[in-house]
Amino acid sequence: MVPTALNAAASDVSGAASDTLVSIEGLSVDFDTGRGTVHALRDIDLEVPRGKVLGLVGESGCGKSTLAYSLIGLLAENARVAGGAIRMGDQDLTRLGPAAWRDLRGRRIAMIFQDPMTALNPVTTIGQQMLDIQYRDKTGRAAKRARAIEFLEQVQIPDAPAKLDVYPHQLSGGMRQRVCIAMALLTQPDLLIADEPTTALDATLEMQIVSLLRDLQRKFGCSVLFVSHHLGTVAELCDEVAVMYAGEVVEYGGARAIFHTPRHPYTQALFDCDPARIKEATRNLPTIPGTLPDLRQPPPGCAYRARCPHGWARCEREHPPLYAGAAEGQQIRCHLADPEEGAA
Amino acid sequence: MSDTTPTVTSRAPLPEPTALARTLRVLSGNRTGVIGFVLVALIVGSAVLAPWIAPYDPVAIMVGPRMAPPSAEHWLGTDNIGRDIFSRVIAGGRIAMLVAMASLASALSVGLALGLIAGLGPRWLDNVLLLLFDALRSFPVIVFGLAVVTIIGPSLFTVVLVVAITSVPIYARIVRTQTMALKNAEFILAERAMGVGMPRLLAIHVLPNVLGPLLILASMDVPLVIATEAGLSFLGMGVRPPTPSWGVILNDGYNFIRNSPWPVIGGSIPIILVTLGFTFMGEALRDIFDPKLRKAR
Amino acid sequence: MLFYTAQRLVLSVVIVMVAVSILKLMLHVVPGDPAVLVLGPRATPELIERTREAMGLDRPLLVQLVTFFGNIFRGDLGHDVFTGRAVSRIVLEQLPYTLILITVAIMWSAALGIVLGAYSALRRNTWFDTLSGIVSVGTISIPAFVMALYSVLVFAVWLRWLPAIGAGEGFVNSITHLILPAFAIGVSWVGYVARMVRASMLEIMGQPHVRMARAFGLSERRITRSHILKIAVLPAVTLIGTGVAHLFSAAVFVEVIFARPGIGALIVQAVNERNYPIVLGAVLVTTGIIVLATLISDLVIALLDPRQREEL
């Protein structure tokens, strides 16, 4: 483990411990596959701030969804937590049994999924599904119905009372995602996990959903873990951002810092590839050359080494720790950010 | 962090399994598949070699005592007129395999032809054929078989005909669907535009796509065919005695069921083994060659 | 929905008409005098003449078909060659026995199959799953008539627990006579339904809406019931609907083996006597019931699955 730089960074914000809702400490998750053990998450340290939006960015397969699912205990069957802890209040979520998990889900933690087309039960009405998730409340059916209508209206679904009797396939994708958001908020969670909630939607809908999420998050004050590979939505929505690569957090900081002064070469490459940020008209969209390393045997040095334009011998040899960056709270897992390297 | 990763310096990429390795793994992880192949080999083998491995003449009477239980001389005992049941069972396998091969081969070829015609022909012809398929499928096989027997009388040929006619719609529908899908595929349209003839297109694109699934389905249908043959013969409407069909053996056994269980047991074991064998084999073939079919059934 | 049902009903009638026409025409495709064919070696000149007349064989084929269907729609299925009784009467007398038999058979086996399949899927890769898998494959590989023979052998000959001959008289007696035949027909359906339900359960258990239900902390019980099983039984309904034809086939053997009255026994007897009008009438009625069953299962699916309902 590489505690020094991390502890230094953590101690900067240690005075605000109560500002943290969930703290992930050294979390590692493995997947047992027929072709070997995939070390999908390795030694993740991250804090979900209370009442703020934390963005999780990275390309497909970087482990951001795995991290999101491990926060609600819904990892695939072949996954197992290989180390570390997820602390929420006085509980370590990695040690919870099924009953304890059930108690948290739909009460303190809720989730919005990637594909609204398949996230709702196809043979049950929207209303019934919204009543079902209120099973903890001792109120009557009429009160639960009223609450369902109230939250459908919160997500700006027109003619909400009529929508209760509708089946999911009768709604458009955008409407269904609004229903999912309404259901998640209805449980008034402390933590809302949104796993690429806009990926399956087209661009106009995407912005609508994102601004809806932004407004509702402010209104209800819950923490949000927002997973996305779309930098634009992250910039719009998030207070803090963690960039993930090959199962690790490679850069962390306030959204402003990450977007204005990205330090990690991978973060910089992500921005270079974002079509929204390309200023000149071009026939060839830029890409990051190379592919993710084989996570059955992660490289001993820097995971990004093979694709990095700046790498040198040290990157091959030594796994970079999280170095503190210039901006407050910013951390970079790159030897370029090592103060001693700059001095040398 | 570096201490959690293996300290490998020369990092050869981990090997990916090849197609052959995958096949072997499916088979080795699939014990039932292996059992299926072994059973099918055993049954087909004994059917082919029947005249040489049957210890007695299957139709010779009084080769032993009547209705004897299994013994060293008669492995499955003897029937009501002293015939050796084991020999009759082996010989019956020949009839079963013959019926299965003849009826499935004709059903496959007719189904292929009708399916292509339905898929490529004009709309009205397609509708007529579909109606015909639906009508044929709505008969219970045995009931239809009995009706045909009234017309042309019971025989081995009747059984083959009945099974073939009732199986054609299943195969024809698959071929039709596949042909239709390909007919409108863009690459086919492009090739047609370039002047490639339809027969050639069919031979290159449709047949290879359709033949595999059809053969797998056919192998899974073998038990059904054999049960139909045995069933009709049991009712006296299929293979006629004294020819040793499994159904005939069972019928003899049923008539004397209160005297000896052995003809019933002897006649039913091969039917059960055939069903197990071909079902397992078909499922293994499907898993290896066409995972998509998993859902089709 | 109503329009769809009506449309399907018309199509069903057409299918049955085509099916029966096939059988009717077959008689004329086969070389030889249909009357002689139908009567077989026992045909006397007088009987041949009577049959020709009864079947209207002296008229053109098309006229024969039209008259035939005209009669059918008036409820006239022709007459018994020997006794002259109306075929419709004879068939309707036998039909209830068969219907009760196959209904009881499919009900017990489907219920057991659904439970078995559902528990196997929920306890995947446990000893229970393995055992129920073996049982399922085992029951599938035993054809109904072999099962019927073994039922007679074990329960009637060896153990002497249950009667194996006839349909019985009086309520309780009829039920004891129903047990073995319904068992023999149903057994393989336990396997079919269990395998089908297990497979579709496993598929649905991996779908996002189940994960979503779990993310809201719903109990596993509730998830299984209203998010998994409710969808997983749909293919089983289709399976049973299209399986009614197989049930009738099985009923033929079971009725013969247990010497029960019923459509199957009637057909076998009619074939033996070469009583073609009865064969044709019985086939017509069974085919009609089968087509109707397919239609009903489609409508049941539409009731259970709103997505299907929309497409109608």
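**Entry 1, the main core.** I looked up the largest nonpolar core and found that, of its 258 residues, Leu225(A), Phe226(A), Ala148(C), Ile185(C), Ile267(C) and Val279(C) touch the most other members. By nonpolar core I mean a set of buried Ala, Val, Leu, Ile, Met, Phe, Trp, Tyr and Cys residues joined through C-beta atoms within 7 Å. I call a residue buried if 20 or more other C-beta atoms lie within 10 Å of its own, exposed if 12 or fewer, and partly exposed in between, with C-beta atoms placed from the backbone. Helix 10 of chain C gives the largest share of this core, 19 residues. Because domain 1 (2–82) and domain 2 (94–272) of chain C both give residues to this core, it lies between them; the domain bounds come from an automatic or database domain assignment.

I note that this is a predicted model, in which local features need pLDDT of at least 70 and side-chain atom pairs count only at pLDDT 80 or more, while totals for chains, interfaces and linings use all residues. Residues are numbered from 1 along each chain as its sequence is written, and chains are lettered from A and ligands numbered from 1 in the order in which they are written.

**Entry 2, Val279(C) and the side facing chain B.** Leaving out residues up to four places away in sequence, I find that Val279(C) touches Leu146(B), Ala147(B), Thr150(B), Ile267(C), Ala270(C) and Val271(C). Contact here requires C-beta atoms, placed from the backbone, within 7 Å. Between the two chains, 42 residues of chain C are in contact with 34 residues of chain B. On the side of chain C that touches chain B, the largest share, 9 residues, comes from helix 1 of chain C. By class I read 36 nonpolar, 5 polar and 1 charged residues on that side, where Ala, Val, Leu, Ile, Met, Phe, Trp, Tyr, Cys and Pro count as nonpolar, Asp, Glu, Lys and Arg as charged, and the others, Gly among them, as polar.

I traced an open sheet of 4 strands in chain A, with the order 2-1-4-5 and antiparallel pairing. Helices (H or I, at least four residues) and strands (E, at least two) are DSSP runs numbered from the N terminus, and two strands pair if DSSP finds at least two bridges between them. The edge strands are strand 2 and strand 5 (91–92), each pairing on one side only.

Strand 1 (residues 20–33) and strand 2 of chain A run antiparallel, joined by 10 bridges, and form a hairpin with 2 residues between them. Because 11 of the 14 residues of strand 2 (residues 36–49) of chain A are buried, this strand is largely enclosed by the rest of the structure.
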